[in-house]
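Subject: Structure handover

Hello,

Please find the structure below for your own work. My notes on it come after.

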Amino acid sequence: MIRHVLVTNDFLPKVGGIQAYLGEIYSRLDPQSFLVITTRVPGCEEFDRDFPAPIVRLGKRLLPTPATVRELAGPIAEFSPDLLVYDPIVPIGVTRDAFKIPYALIAHGAEVRVPAYLPGLRAQLRRTIQGSRGVIAAGGYPAEEVRKLVPEARIVVVPPGIDPERFCEVDESRRASLRRTWMQDPERTLVLFVSRLVPRKGADTLLRAMVGIESIQGLEVHVVGDGRDRRRLDRLAMAVSSPVVFHGRLDEEAKIELYQAADVFVFPARDRWLGVEQEGFGIVILEAQACGTPAIIGVSGGTPEALVPSSGQLLRRGDPAELAAVLRTMVDSARLGSGRRATSAYVREHFDYDQLSKAYGSALRALVNG
Ligand code: GDD
């Protein structure tokens, strides 16, 4: 058994894509095989009590300072691992040389792409990757970003996935009941968006597209999530004649019910800052499709990897006019409703965390054994 220590700034119960990825993978690994060292966040005591493996919490943020190195040294020495795993690569991976233990890195996308534009950080990133046993990339997109920096890097792709027990389709009667619960009028077409509300995720494109399809009667837009874009989106929604429901942050159960009730999931993610900021993968696209709901998505970073080709639709330009046209075609074509089972089955086959966690464990073993 390979013993390793995961050193990360991003672990549950903090909310976010990286935290969810690590949480799903690590809750399925042999709890004897690893120790997590991470930050202190609200609610962590309760979370740690229920987590099967040991977690050490240090300060609010792990930065590569001598003080952090001193704090890390004790628990690492006590655990005596074969491997350290750093997530993200910078800044915390920069402590790598302090421990004289082989290390691996996890890459998600933005934390590799953005520093790569800053000369000092770029050099740090490259050296950290070059000195590692290899990189586990959470998708083909971060793998490509790492390859651009260090072409000879050893990379294993373990994409984000879903827990098939929770993200699954439901039968028609349950679906009808969920639609009665969540919709103002269950006869309408439920257009769903779920994500943190930040510009890259494109909720604004959806609302602008809705203004362009006034002629389609019977749409109901539901937006789940919160973030700094919320006020701007509220204003945009005022121009939309179809009902728009902002749920804010919902708990997991409610979010999944909406995925199951929805007719179409729309995630018009886009690049920002001339392509410096991109979407790493788009886990929400997988979550919706795992519940049977077909998706219309924007192309940014790794989003195409998450789309079920048989039911989903990629936006080419990603502007509101194109989204309006695609949405109209989908609603008209009666494609909605049919094929839910196949959409869900595709996601389970390719992105089941039970399988992905095993792949992650094998990747660590391969990296240690060279
Ligand atoms: N319960 C609940 N309620 N969950 C939410 C809410 C909410 O209001 N808003 C977002 N989430 C969940 C999503 O369902 C998903 O599981 C997770 O938070 C991440 O969602 P995003 O907001 O879309 O992504 P991110 O930017 O934090 O995540 C990054 O890492 C992911 C994993 O590698 C991005 O790079 C993603 O593209 C990537 O998939």
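The notes cover the ligand site and then some backbone features.

Please keep in mind that this is a predicted model.

Ligand site. The ligand is surrounded by 25 residues, and the closest of them are Ser195, Arg196, Lys255, Glu279 and Glu287. By class, the shell holds eight nonpolar, eight polar and nine charged residues. Domain 1 (4–161 + 353–369) and domain 2 (172–350) each supply at least three residues to the shell.

Three polar distances to ligand oxygen atoms may be of use to you. A polar side-chain atom of Arg196 is 2.6 Å from an oxygen atom of the ligand. For Lys255, a polar side-chain atom is 2.7 Å from a ligand oxygen atom. Gly282 places a backbone N or O atom 2.7 Å from an oxygen atom of the ligand. On its own the ligand exposes 750 Å², of which the protein buries 93%. Two or more shell residues come from each of helix H1 (17–26), helix H10 (252–261) and helix H11 (283–290).

Backbone. The peptide bond between Leu12 and Pro13 is cis, with omega about 10°. Pro13 sits in the loop between strand S1 (4–8) and H1. Another cis peptide bond runs from Asp87 to Pro88, with omega near 5°; Pro88 is in the loop between strand S4 (83–87) and strand S5 (103–107).

Lys100 also lies in the loop between S4 and S5. Lys100 is not a glycine, yet its phi is positive, at about 55°. Lys100 is exposed, at a relative accessible area of 75%. Ser80, in the loop between helix H3 (66–79) and S4, likewise has a positive phi, near 55°.

Regards

Definitions and conventions: Residues numbered from 1 in each chain as written. Predicted model: local features only at pLDDT ≥ 70, side-chain atom pairs only at ≥ 80, totals over all residues. Heavy atoms only, no water. Near = heavy atom within 4 Å. Polar contact = N/O pair within 3.5 Å; in protein donor to acceptor, adjacent residues only side chain to side chain. Areas by Shrake-Rupley, 256 points an atom, 1.4 Å probe, with all protein chains shown as cover. Helix = DSSP H or I, 4+ residues; strand = E, 2+ residues; numbered from the N terminus. Nonpolar A, V, L, I, M, F, W, Y, C, P; charged D, E, K, R; others polar. Domains from an automatic or database assignment. Buried < 20%, exposed > 50% of the residue type's maximum accessible area, 1.4 Å probe, protein only.
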